[in-house]
Amino acid sequence: MPFFAQQGWLSFKQGMSRWGMGFFLAAFAGTEALLFLQGIFFWLGVGAIPAYHKLLFGLSICLPVGILLFFVAQVWRKEVYISEGKAAKELQHQTS
């Protein structure tokens, strides 16, 4: 990721891209923690975590939502950048 950001291919400056990446990372950490805890519960002989499958499903849905937010922010950034570039060229053309 740092390489792509250095090249200007990805941007973390927009709030939506930061939220998307944060959402994805939080969901990833949450699903991994839930899977780990479920294994610990079985290992201790306690049984299953209540509503384990619903929790895992809910956290898993957050993974693609975070990715979608991040990539929508990237596409939106490029569209704004392109339109600002066109506007700047038109303004420069008008003043010359």
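L69 is found in helix α3, where helices (H or I, at least four residues) and strands (E, at least two) are DSSP runs numbered from the N terminus. With a relative accessible area of 30%, L69 is partly exposed; buried stands for under 20% relative accessible area, exposed for over 50%, and partly exposed for values in between (1.4 Å probe, protein chains only). The model is predicted: local features need pLDDT of at least 70 and side-chain atom pairs count only at pLDDT 80 or more, while totals for chains, interfaces and linings use all residues. Residues are numbered from 1 along each chain as its sequence is written, and side-chain values use heavy atoms, with hydrogens and water left out.

The protein chain contains three helices and zero strands, in the order α-α-α from the N terminus on. Of its 96 residues, 19% count as buried. The accessible surface of the protein chain amounts to about 7,300 Å², with 73% belonging to carbon and sulfur atoms; areas come from the Shrake-Rupley method with a 1.4 Å probe, and for residues only the protein chains shown count as cover. Among contacts (heavy atoms within 4.5 Å) between residues at least 6 apart in sequence, 62% join residues at least 24 apart.

L69 also belongs to a nonpolar surface patch, together with M16, W19, F23, F57, I61, V65, L68, V72 and W76. The accessible area of these residues together is about 990 Å². Patches are made of residues with over 30% relative accessible area and no salt bridge, nonpolar side chains (Val, Leu, Ile, Met, Phe, Trp, Tyr) being joined within 5 Å and like charges within 9 Å. A salt bridge is a side-chain nitrogen of Lys or Arg within 4 Å of a carboxyl oxygen of Asp or Glu. Helices α2 (15-44) and α3 (52-95) each supply at least two residues of the patch, and the largest share, seven residues, comes from α3.

One aromatic pair is present in the structure. The ring centres of F70 and F71 are 5.3 Å apart and the planes lie at 75°, so the pair is edge-to-face. Rings of Phe, Tyr and Trp (its six-membered ring) pair if their centres lie within 6.5 Å, with planes under 30 degrees apart counted as stacked, over 60 as edge-to-face and the rest as tilted. F70 is buried at 2% relative accessibility, whereas F71 is partly exposed at 47%.

In helix α2 lies T31, which counts as buried at 6% relative accessibility. Leaving aside residues up to four places away in sequence, T31 touches L56, L59 and S60.
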